[in-house]
Amino acid sequence: MKLEFNIEGGNFSWAGHASSEVKKMLKQLGIDARCIKSIVIALYEGEVNVVAHAYEGRILVQMEPHKITTEIIDKGPGIPDIELAMQEGYSTASKEVREMGFGAGMGLANMKKNTDELTIESTVGQGTTVKMVNYF
Amino acid sequence: MQVSKICQLLDAKIICGEEHAQANIERGYSSDLMSDVLTLDTDHLLLITGMCNLQTIRTSEMADIRFIVFVRNKKVTDEMLELARENNLCLLESPFTLFKASGILYQAGLKPVY
Ligand SMILES: Nc1ncnc2c1ncn2[C@@H]1O[C@H](COP(=O)(O)OP(=O)(O)OP(=O)(O)O)[C@@H](O)[C@H]1O
Ligand SMILES: [Mg+2]
């Protein structure tokens with residue numbers, strides 16, 4: 001099963017829409033609540049990152065028996081130093097993003113914690129692709 | 001601690017999820033930072049926050065948090081209410097500060113997350 005969603009940069013009221021849909025689907029499939037939580041927390045962090053740091057993006061979800069792969073592909077400024085960005089506390093979030101309750105520099109580390117595989121590819125000036133895999 | 005007791009202690013009213021008034025909550029977490037809320041491993045806790053926007057509701061939805069107290073007299077918007085109802089959340093509003101609300105609940109026996 002495959003799903004696809006769009007993300008709009010800067011649109012905080014829409015942020016979380018895709019994660020919410022994925023959560024509903026996983027619940028319907030009867031997957032363990034803790035697994036669902038890990039998957040959707042990681043996806044939500046990724047979704048908020050596109051809203052907060054990029055211009056626009058797409059989410060591709062692929063369900064297989066006992067495996068979910070999510071890809072978040074954005075057009076945006078990209079991440080110059082991924083290792084640095086992964087460190088807890090590192091953030092370039094704007095004042096607006098902080099006012100929304102985000103921008104503590106915890107998101108990427110939290111995505112790593114909540115997924116079995118995380119790969120980030122980024123080209124400065126073009127965009128970022130985050131791929132996450134969870135087994136259940 | 002029962003939701004109805006929390007209301008009493010914090011001079012709070014239930015904005016939605018009246019049916020949860022008798023539910024029991026073991027732990028509380030106070031923060032205005034959703035980034036931190038998303039890193040918690042504890043489920044079924046009470047979130048005490050002054051961050052009153054749609055992302056507070058979204059964050060709670062993802063983190064399996066069912067109970068939120070909005071402090072500092074923050075008012076829940078219609079948009080938030082709709083999303084909260086959809087997700088079966090219980091929302092409270094209190095006129096107290098985050099510090100005062102947290103102190104009262106801690107003293108009354110609500111446990112911290114860590
Ligand atoms: N999709 C993205 N496009 C461009 N830069 C990004 C993207 N995702 C993350 N970054 C960069 O990596 C930094 C760290 O991201 P991370 O998610 O860990 O923290 P944050 O988004 O700043 O705050 P938090 O996630 O705690 O709310 C960001 O501040 C930003 O500089
Ligand atoms: Mg982030």
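Reply: In this predicted model, the contact draws on 26 residues from chain A and 23 residues from chain B.

Me: What is the area buried between chain A and chain B, and what part do carbon and sulfur atoms give?

Reply: That area is about 2,000 Å², and carbon and sulfur atoms give 49% of it. On the side of chain A, Lys23(A), Lys37(A) and Tyr44(A) supply 25% of the area buried against chain B, more than any other three residues.

Me: Why is the meeting of Glu86(B) and Lys24(A) called a salt bridge?

Reply: The term requires a side-chain nitrogen of Lys or Arg within 4 Å of a carboxyl oxygen of Asp or Glu. The side chains of Lys24(A) and Glu86(B) meet at 4.0 Å, N to O, and therefore form a salt bridge. The count between chain A and chain B is 3 salt bridges.

Me: Which helix gives the largest share of the side of chain A that touches chain B?

Reply: Helix 2 of chain A does, with 7 residues. That side of chain A comprises 10 nonpolar, 8 polar and 8 charged residues.

Me: Which residues in helix 1 of chain B are buried, and how do you know on which side of the helix they lie?

Reply: Val3(B), Ile6(B), Cys7(B) and Leu10(B) are buried. They lie on the same side of helix 1 of chain B because they cover an arc of only 100° around the axis. Among the elements covering these buried residues are strand 1 (13-16) and helix 5 (98-107) of chain B.

Notes
Residues numbered from 1 in each chain as written. Chains lettered and ligands numbered in written order. Predicted model: local features only at pLDDT ≥ 70, side-chain atom pairs only at ≥ 80, totals over all residues. Heavy atoms only, no water. Contact = heavy atoms within 4.5 Å. Buried area = accessible area lost by both parts, 1.4 Å probe. Helix = DSSP H or I, 4+ residues; strand = E, 2+ residues; numbered from the N terminus. Nonpolar A, V, L, I, M, F, W, Y, C, P; charged D, E, K, R; others polar. Buried < 20%, exposed > 50% of the residue type's maximum accessible area, 1.4 Å probe, protein only. Arc of directions from axis to C-beta.
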